[in-house]
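Open the structure in your viewer and keep the selection tool ready. This tour goes stop by stop: select, look, move on.

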Amino acid sequence: MFDEKAVELIGRVLVDVSRPLKERFRALFTLRNLGGLVAIEWISRGFGDESALLKHELAYCLGQMQDQRAIPILTRVLQDHNQEPMVRHEAGEALGAIGKPEVLEILRHYSHDPAIEVAETCQLAVKRIEWLQNNKDQSESQYCSIDPAPPAVEKDIKKLREVLLNESLPLFDRYRAMFALRNIGSEEAVLALGDGLQCSSVLFRHEIGYVFGQMQHDASIPQLITALKKMDENPMVRHECAEALGSIAKEQCMEALKEYLHDGERVVKESCEVALDMLEYENSLEFQYADRLNKL
């Protein structure tokens, strides 16, 4: 539907540092949805940007596209210690999302990375690929996302909560409980997930925020706002909670995001900026990002 010239026009918006970040995000989401080698090449050009938030999202999108042609660039980002840990973590997760056994060696190597969020991500990615080798592929969830772990088959919320919060268990098992609770989707499941925001792993808490953004359940709003307001919380967690509030798109969410629109942490500030744009989009009748970018 889109020829290479159209993809190039969108790609130029993505890499144009003079554009507002929200426009560049819309360009990125459009390229992700279009797919193909040219889209991958344009997304890859953004890894020299100064915004860790944007680069993190670039890696996420490459993983969600599940195109193995993105493996070399994601590998380079994972190996680049000049990149922020949250960017390298997302590159590791993206390699796991693509799911090719050829990346197992590099993922195992970085499973011992000094940056704990990178190490834990690579450990999860290894487990996901090993799981795929022994099980039928269930890569796409009901939320149309490629998750870092398949949901557990257990349906009992109390049992899932026990696994979720048991920090002596492998992170992969706890992630499986997390995604099972997400898929159940009830208020009880939301409250169980919210308890996970008190766990010790930054990566784990960040993923709870991401899952809340997918669920868009009102019961998660107080917990997300509390995490966003917590100034001693890791910025990686606060940023994910901000984006989740933008996805939920309620007035209470907008007020909290506006309060932190000038936060001292750049990734939090930019997340609030993008989240407010998401919120505006959710509450409007405007065209989808792809249609809007054609008018830029």
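**Stop one: D49.** Select D49 in the loop between helix 3 (37-44) and helix 4 (52-65). Helices here are DSSP runs of H or I with at least four residues, numbered from the N terminus. Before going on, note that this is a predicted model: local features need pLDDT of at least 70, side-chain atom pairs count only at pLDDT 80 or more, and totals for chains, interfaces and linings use all residues. Residues are numbered from 1 along each chain as its sequence is written, and side-chain values use heavy atoms, with hydrogens and water left out.

Is D49 buried or exposed? D49 counts as buried, because its relative accessibility is 12%. Buried means under 20% relative accessible area, exposed means over 50%, and partly exposed is in between (1.4 Å probe, protein chains only).

Now show the side chain of D49. It reaches the backbone nitrogen of S51 at 2.9 Å. Next, show V17, R24, L54 and K55: D49 touches them, not counting residues up to four places away in sequence. Contact means heavy atoms within 4.5 Å.

**Stop two: W42 and R45.** Select both. The charged end of R45 sits over the ring of W42, 3.9 Å from the ring centre. For this label, NZ of Lys or CZ of Arg must be within 6 Å of the ring centre and within 35 degrees of the ring normal.

**Stop three: the aromatic pairs.** How many aromatic pairs does a search of the whole structure find? There are four. Select one of them, Y175 and F204: the pair is edge-to-face, with 6.0 Å centre to centre and 65° between the planes. Y175 lies in helix 10 (residues 171-184) and F204 in helix 12 (residues 202-215), so the pair ties together parts that are 29 residues apart in sequence. Rings of Phe, Tyr and Trp (its six-membered ring) pair if their centres lie within 6.5 Å; planes under 30 degrees apart are stacked, over 60 edge-to-face, and the rest tilted.

Y175 is buried, at 0% relative accessible area. F204 is buried too, at 0%.

**Last stop: H89.** Select H89 in helix 6 (residues 85-98). H89 counts as buried, at 0% relative accessibility. Leaving aside neighbours within four places in sequence, its contacts include E117, V118 and M236.

Definitions and conventions. Helices (H or I, at least four residues) and strands (E, at least two) are DSSP runs, numbered from the N terminus. A polar contact is a pair of N or O atoms within 3.5 Å; within protein, one must be able to donate a hydrogen and the other to accept it, and residues adjacent in sequence count only if both atoms are side-chain atoms.
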